[in-house]
Amino acid sequence: MSLHGDGLASRIRRRLPDSWQAGVALVALLLALPILTVFGHLFVPAGDVWGHLVDTVLADYVGNSLVLMAGVGLGTLLLGVGSAWLTSLCDFPGRRVFEWALLLPLAVPAYIIAYTYTGLLDFTGPVQTTLRETFGWSYGDYWFPEIRSLGGAVAMLSLVLYPYVYLMARAAFLEQSVAVLEVSRTLGAGPWRSFFRVALPLARPAIATGVSLALMETLADYGTVEYFGVSTFTTGIFRTWFGLGDATAAAQLAAMLLGFVFVLILLEHWSRRRARFHQATQRYQMLPRYRLQGWRRWAAVAGCAFPLLLGFVVPAGQLSAWAVRTAGRTVDSDFFELTLNSMGLAAGAALVTLLLALFMAYGKRLCRGPIVNTAVRVAGMGYAIPGTVIAIGVMLPLARVDRALDGWSVEVFGISTGLLLSGTLFALLFAYAVRFLAVSLQAVEGGLGRIRPSMDDAARSLGLRPTQVLRRVHMPVMRGTLLTALLLVFVDVLKELPATLVLRPFNFNTLAVRTFELASDERLADASSAALTIVLAGIVPVILLSRSIGRSRAGQKHAA
C-alpha cells in the first residue's frame, strides 16, 4: 500500500507545474535581498566617513560588542542551565510553579527592563533615595554600582535572555533516558556528579543552541545599549546613518555585524556536529527526581526565584506601580491610537508572514529537491539577523526604486511620485517578513510534517489542485498551529524596536517607539503604560511555550 502511495505521490509531483518551484525560489530571493544588499556594500570603496570610524570608534564597537557577548553568554549559561536542571530532575518546594514561571522574562523586552531598573537604581530612584534617608548620606558619601554601564547592559540582557538557554536545556534534560541516569546512580554518582558527567554532556548541543540564540539577540539589541550609552555595532549604525548621513558607511558597519552573526551560526552548527552524544536505549519512564533536603531545598528555591524575581516580578511590579500613578495623563486618545497602530501593524505583519510561510512550506512539500530546500533555508535566515541590519538592507534598495520611479514620472508626466515604497508601511511589513518568517515557517513545517502524504494523494486523486488541497485539507487540520504562528509573530513585531525606528512612516508611532522616546527624555514613569502593554501581550506566547515544553518528553503525558 505504501509503495502504491509513494508511486502516486511521485507521479503527482512530476505533473506539478514548475510555477511552485519558481515561486518559492523567487520569494526566497526577495527575502534575501536585504542581506545581499548589506553584504554588497563590502565591495563599495570606503569613503571619508568610514576612515573616520576606523580611526575613532570602530575599536570600541568591536570591543564592547565582544565583551557584551561574553558577559551575556556566561550569565545566560549560569542562570539557564542551573534552573533547567533543578526544575527537571530535582524535587523542592515550588518546583511546578518555577517550571513555567522561569520563562516569563521572555515577555519583557530588554530595553523595557533597562528603563525600569534605571528608574529604580539611579541616584534619584527609590533605592538610593531610601539609603540616603536611612543613613544620612549625601552624594559622594557612598559607592553604588552604575546601572548605565557595560556591566549594567550585560545584567539586563542576561535577565531577559536566559530563558532561551533554560528552554533548550530543560527540553534536553526531559528527553534524556532514565536508564542512563540510573546507571550513574548505581556507580555511586550523586546529583552534582550525575549533572556534570552525564546530563550536561548529553544536553550540550541544545545548550549551545540556546546560548547562540541569546547572543544573536544581544547583537541585535539597540534600546538597552543606546540608553546605557554603550557603543556597539547597532548604536554605531544608527549614529552613522542619522548623525553622519552616510548610508554606505552604515551598511558597511551592518555587514561587519552580519559577519559576527554568521560566525555564531557556524559555531552553533559546529558544536552540534562535534558533540555526538547518543542515547543507547529507548527506555523512557518517569525521570528519577533527586529529593532535596535541608538547606539544599531552600537553596534550590532561591536559585530559581532569583532570575524570576529580577527578570520579571520586579520590573513588572514597578511598571504596574508607575502605570497606576501616571494613567490619568498618559492613557488618553493618543495612547489608544498608538495601541491601534501597534496592534494593526503586528496583525498585518503576522498575516503576511503566515501566508508566505504557508506558500514556502507547502511548496517544499510538493517539490522536494535541492532548489526548494535551499530556498526555504535561505528565506528562514532572517530571524538570526539583527533588525538594524535588515532595516538598512530594506531601505537602500527601496530608496533606489523610489528615486528611479520618481525620475521617470517627472520626465514623462512632469509629476513627482515621492516615496512610494521606502517611506511607507510596505517597507516596514517587508522588513518584518524578512525578520520573522522563520518563526511562522518553523511552525507551519512542523504542522505539515504531522499530516500523512496519503491525505494529499487522496485529495489529488479526487481532482483537487494543490492550492485546493492546502485550503480544504491542510489548513483546517493545522488550525491550532496556524494560530500559534500568528500569535508568536504578532508579539515579536509588537516588541521590535530598531527596524521600526528606521523604517516607520513619518508621523507614525508604535508602543515600542513611544516607550523608547519617553525613556530617552527621562520620562520613565510616563513610558510605563506603553511598556506594560507590550509586556502583557508577551505573556501569552510564553504560556504556549511552557505548555509545549511540558509535553516534550517521550513516553509521558505531562512533564513531571
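The charged end of Arg132 sits over the ring of Phe123, 3.9 Å from its centre; such a charge counts when NZ of Lys or CZ of Arg is within 6 Å of the ring centre and within 35 degrees of the ring normal. Arg297 likewise lies over the face of Trp298, at 5.4 Å from the ring centre. This is a predicted model, where local features need pLDDT of at least 70, side-chain atom pairs count only at pLDDT 80 or more, and totals for chains, interfaces and linings use all residues. Residues are numbered from 1 along each chain as its sequence is written, and side-chain values use heavy atoms, with hydrogens and water left out.

**Aromatic pairs**
- The structure holds 17 aromatic pairs, meaning rings of Phe, Tyr and Trp (its six-membered ring) with centres within 6.5 Å.
- Trp408 and Phe413 have ring centres 5.5 Å apart and planes at 80°, so this pair is edge-to-face (planes over 60 degrees apart; under 30 is stacked and the rest tilted).
- Tyr432 and Phe436 form a tilted pair, because their planes lie at 35°, with centres 6.4 Å apart.
- Ring pairs also link Tyr222, Phe238, Trp241, Phe242 and Phe516 into a cluster.

- Trp408 is partly exposed, with a relative accessible area of 49%, while Phe413 is exposed, at 54%.
- Tyr432 is buried at 2% relative accessibility, and Phe436 is buried at 3%.
- Here buried means under 20% relative accessible area, exposed over 50%, and partly exposed in between (1.4 Å probe, protein chains only).
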